[in-house]
Amino acid sequence: MKCVDFVLQKRDLSGLYSSLAVKLQAFLMSKTEGAAAEYLHKRNLRPYSLFTVEQRENIIFRLNILTDEALPLYNAALNTRRYAVTGINGGIDVLDTVTYDDMPLSDLRGSAPKQFKLLLASPATYKHENTYSNIFALAPLFFSVADKLRLFFGVDISNAEITALCETLKFVQYNFRSDTYAVKRGNVIPAFSGEFALAPRGTDAQTEKLMLLLRFAEYSGVGAKTALGMGGVLLDEK
């Protein structure tokens, strides 16, 4: 798996009708051609995730790649120096690029900290009875994480098991708020944002599976629409 951060020029985003990550994803897809583009367009579960975070002086754009099938998108991003974005005159320049070491799935396994923090760096949502929800629930966020683990890496953790695993976690601290995410004009998805500190309280076997899900979530994103910028996750195990 690959992870790369792009430091983007800070621009006024108020004129956009969709979230910036949606625009960046569309630009990169336009630069990905042939069989690779067709493959990525047709996947319900896409082998990459991305999100943006606005900071005081710049914008961080993170792109995570799960499998080799998404490498054309990764290469397109590495070769981009300016994103053409409708609604922003002159586009958005790439100021810097930070690439991280490749991460094999096996390196995500291992001992768990006594406590860790999870930040939803971009609004997250999940489907409940065919409707996107802005009510926080931990287990449904990780159903899609397990789906990607199963499809791309052959690791099978069922939804029922995820629900049981989440029940072994103790919420030490949390701060949630309702949120929204604009995919396009007229399509605004209800969501939530926030951060929380958790402490694992299960058996060693349960905690091992739980930490695999949590660490993998940093690459896969959580919940729905992770290929369009939703459900970006940052995990702090310190």
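These legends describe close-up views of a predicted model.

**View 1. Asp 156 pairs with Arg 150.** The side chains of these two residues form a salt bridge, with N and O 2.8 Å apart. Side chains of opposite charge can pair when their charged atoms come close. Asp 156 has a relative accessible area of 55%. That value is over 50%, so Asp 156 counts as exposed. Arg 150 is partly exposed, at 30% relative accessibility. A search of the whole structure turns up seven salt bridges.

**View 2. Lys 209 meets Glu 161.** A salt bridge joins Lys 209 and Glu 161, and their closest N and O atoms lie 2.5 Å apart. The pair links distant parts of the chain. Lys 209 sits in helix H6, residues 204-220. Glu 161 sits in helix H5, residues 159-166. The two partners are 48 residues apart. Lys 209 is partly exposed, with a relative accessible area of 33%. Glu 161 is partly exposed too, at 26%.

**View 3. Glu 237 holds on to Arg 215.** In this salt bridge, the closest N and O atoms of Glu 237 and Arg 215 are 2.9 Å apart. Glu 237 lies in the segment after strand S11 (233-236), while Arg 215 belongs to helix H6. The pair therefore ties together parts that are 22 residues apart in sequence. Arg 215 has 10% relative accessibility. This is under 20%, so Arg 215 counts as buried. Elsewhere, salt bridges that share partners join Asp 147, Arg 150 and Asp 156 into one network.

**View 4. Helices H5 and H6 cross.** The axes of H5 and H6 come within 10 Å. They cross at roughly 105 degrees. The two helices are therefore roughly perpendicular to each other. Which residues meet here? From H5 come Glu 161, Ile 162 and Leu 165. From H6 come Gln 206, Lys 209, Leu 210 and Leu 213. The residues of this contact divide into four nonpolar, one polar and two charged.

**View 5. Helix H3 has buried residues on one side.** H3 spans residues 71-78. Its buried residues include Leu 73, Tyr 74, Ala 76 and Ala 77. These four cover an arc of only 160 degrees around the axis, which puts them on the same side of H3.

**View 6. Helix H1 is mostly covered.** H1 runs over residues 20-30. How many of its 11 residues are buried? The count is eight. They are Leu 20, Ala 21, Val 22, Leu 24, Gln 25, Phe 27, Leu 28 and Met 29.

**View 7. Leu 8 is buried among its contacts.** Leu 8 is found in strand S1, residues 2-9. Its relative accessibility is 0%, so Leu 8 counts as buried. What does Leu 8 touch, leaving out residues up to four places away in sequence? Among its contacts are Leu 24, Asn 58, Ile 59, Phe 61 and Tyr 83. Ile 92, Asp 93, Val 94 and Leu 95 also touch Leu 8. Leu 8 and Arg 82 are 74 residues apart in sequence, with their C-alpha atoms 8.9 Å apart in space.

Technical notes. Residues numbered from 1 in each chain as written. Predicted model: local features only at pLDDT ≥ 70, side-chain atom pairs only at ≥ 80, totals over all residues. Heavy atoms only, no water. Salt bridge = Lys/Arg side-chain N within 4 Å of Asp/Glu carboxyl O. Buried < 20%, exposed > 50% of the residue type's maximum accessible area, 1.4 Å probe, protein only. Arc of directions from axis to C-beta. Contact = heavy atoms within 4.5 Å. Axes fitted to C-alpha atoms, helices over the stretch in contact; angles between N-to-C directions. Parallel < 35°, antiparallel > 145°, perpendicular 65-115°, else oblique. Nonpolar A, V, L, I, M, F, W, Y, C, P; charged D, E, K, R; others polar.
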